[in-house]
Amino acid sequence: MTQPSDSILIVDFGSQVTQLIARRVREAGVYSEIAPFNAAADAFARMAPKGVILSGSPASVLDDNAPQVPAAIFESGVPLLGICYGQQAMMAALGGAVARGDSGEFGHAFIDVADGCVLFDGLWAEGERHQVWMSHGDKVTALAPGFRAVAASPGAPYAVIADDARRYYAMQFHPEVVHTPDGARLIANFARHVCGLTGDWTMAEFRATKIAEIRAQVGSGRVICGLSGGVDSAVAAVLIHEAIGEQLTCVFVDHGLMRSGEAEQVVSLFRGAYNIPLVHVNAETLFLSGLAGVTDPEAKRKFIGKTFIDVFEAEARKIGGAAFLAQGTLYPDVIESVSFTGGPSVTIKSHHNVGGLPERMNMALVEPLRELFKDEVRALGRELGLPEVFVGRHPFPGPGLAIRIPGEVTKERCDILRKADAIYLEEIRNAGLYDAIWQAFAVLLPVRSVGVMGDGRTYDHVLALRAVTSTDGMTAQAFEFPGGFLPRVATRIVNEVRGINRVTYDYTSKPPGTIEWE
């Protein structure tokens, strides 16, 4: 990507919430990137950022071989903000002192503001007390020369410190998490008041820059894009089509595991509204025959992923002549593919991307969304004019309904689940609750229950309903529907969907559960 002139580099020391720092910076209208500490010097040289934020870490600066801040960052004179481990690493490098605490400080805490600070502008005043989120065992015990303490908590006497001359600031708590109510504004103050950035990075700017990049990369070549029916691949396809027009062909592998009406919606949107060349492959029979008798969740995923790749590859060869493969890879995929120590941390599931195809087909990748988070992809979709009903839809797994039918997947079970799920989502939309929920769906359980309908006995399927709230999908809470909603939905489903006689609601949070059932 062409580097925005105004940006902030986030040095990752392995914190589980480093992504949230990048999100808060971008929410302030400033472009940011994350680099693991051992690649941060190269990223710093490439980006020439106007500021640097040092993340937290599970490590201790007192350990042998503890992660270090690259010397080039200190030598550059750019503003710094250290968070938790980032504060301790600054002090260890600049002449302060860090010690292991007698007891850690975890969870909600309150800090007392002792002095004024540019981070507090328009936000906190001397003498006030504010809630923050702490998560640390070590603590700073002596400040490096030039620093002053501007806020303290009972467990962290140097909760916020400042060196105004060098524009170095640091805090022991985590401003990036929602549990620090004013944290996003503290980070915004660093970006704008300390780094002097205007906060004018927008989706319109990203769109224009990315279109120019796609044209430069592709030239007169042809691009094939695999559509999954989800938001990411759709936004990527529309953006690429805006850049190169008829040089793009989309392939929609319809595995027969979509929600009600979704396959038709994809075809209508791309062929009709956008007039994008689209190959629609109806592969329902192939997928369902291969899933017959398969009950293990991972076996389902692997079969669907492999079969998708096989079908896509066959269709791409029929089209022929394409030098580029487009994917809807997002920034979290890029970040999670490499841990802060440089090794693999999370394996991206094969069905999320057409994994392996670029090498098998000798194609170069076009990934126009690889710098964006999910909410930014939705914003880009709106910028491109995609309908809200499509852009704002809840996440849907690559294997589709196959992992919402524990046990064997059959066409009959898919059809039953599709009808019930459609009623559930219709009622949610009618109640005006859709946008308040991160994800809502129905699960057809591999059990049957006795029921009574009319004067007869039934022995039919049990359906579970799931709805959660979340900010990033990493943690989630069950959504609390208003009184009367769930009984109304259950009544409709039992009355209108033949084959279901009992409806339950899943109240499990994540953790200990997952959002999906498989």
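This is a predicted model: local features need pLDDT of at least 70, side-chain atom pairs count only at pLDDT 80 or more; totals for chains, interfaces and linings use all residues.

Mentor: Residues are numbered from 1 along each chain as its sequence is written, and side-chain values use heavy atoms, with hydrogens and water left out.

Trainee: How are helix 6 and helix 13 oriented to each other?

Mentor: Helices here are DSSP runs of H or I with at least four residues, strands are runs of E with at least two, and both are numbered from the N terminus. Axes are lines fitted to C-alpha atoms, for helices over the stretch in contact, and angles run from 0 to 180 degrees between N-to-C directions. Helix 6 (residues 203–218) and helix 13 (residues 374–383) have axes 9 Å apart, at an angle of about 80°. Angles under 35 degrees count as roughly parallel, over 145 as roughly antiparallel, 65 to 115 as roughly perpendicular and the rest as oblique, so helix 6 is roughly perpendicular to helix 13.

Trainee: How many residues of the contact of helix 6 with helix 13 are charged?

Mentor: Contact means heavy atoms within 4.5 Å. By that criterion Met203, Ala204, Phe206 and Arg207 of helix 6 meet Glu376, Ala379, Leu380 and Glu383 of helix 13. Ala, Val, Leu, Ile, Met, Phe, Trp, Tyr, Cys and Pro count as nonpolar, Asp, Glu, Lys and Arg as charged, and the others, Gly among them, as polar. The division is five nonpolar, no polar and, for charged residues, three.

Trainee: Which elements cover the buried residues of helix 13?

Mentor: Buried means under 20% relative accessible area, exposed over 50%, and partly exposed in between (1.4 Å probe, protein chains only). In helix 13, Glu376, Val377, Arg378, Leu380 and Gly381 are buried. Their cover includes helix 1 (18–27), helix 6, helix 7 (231–244) and helix 14 (388–391).

Trainee: Are helix 9 and helix 10 roughly parallel or roughly antiparallel?

Mentor: The axes of helix 9 (residues 284–291) and helix 10 (residues 297–319) come within 10 Å and cross at roughly 150°. The two helices are therefore roughly antiparallel.

Trainee: Is Arg24 buried or exposed?

Mentor: Arg24 lies in helix 1. Leaving aside neighbours within four places in sequence, Arg24 is in contact with Glu176, Val178, Ala184 and Ile187. With a relative accessible area of 12%, Arg24 is buried.

Trainee: Where is Asn275, and is this residue buried or exposed?

Mentor: Most residues other than glycine have a negative phi. Asn275 has a positive phi of about 50° although it is not a glycine. Asn275 is in the loop between helix 8 (262–273) and strand 12 (278–282). At 54% relative accessibility, Asn275 counts as exposed.

Trainee: What is omega for the peptide bond from Pro511 to Pro512?

Mentor: Most peptide bonds are trans. Pro512 is in the segment after strand 18, and the bond from Pro511 to Pro512 is cis, with omega near 15°.
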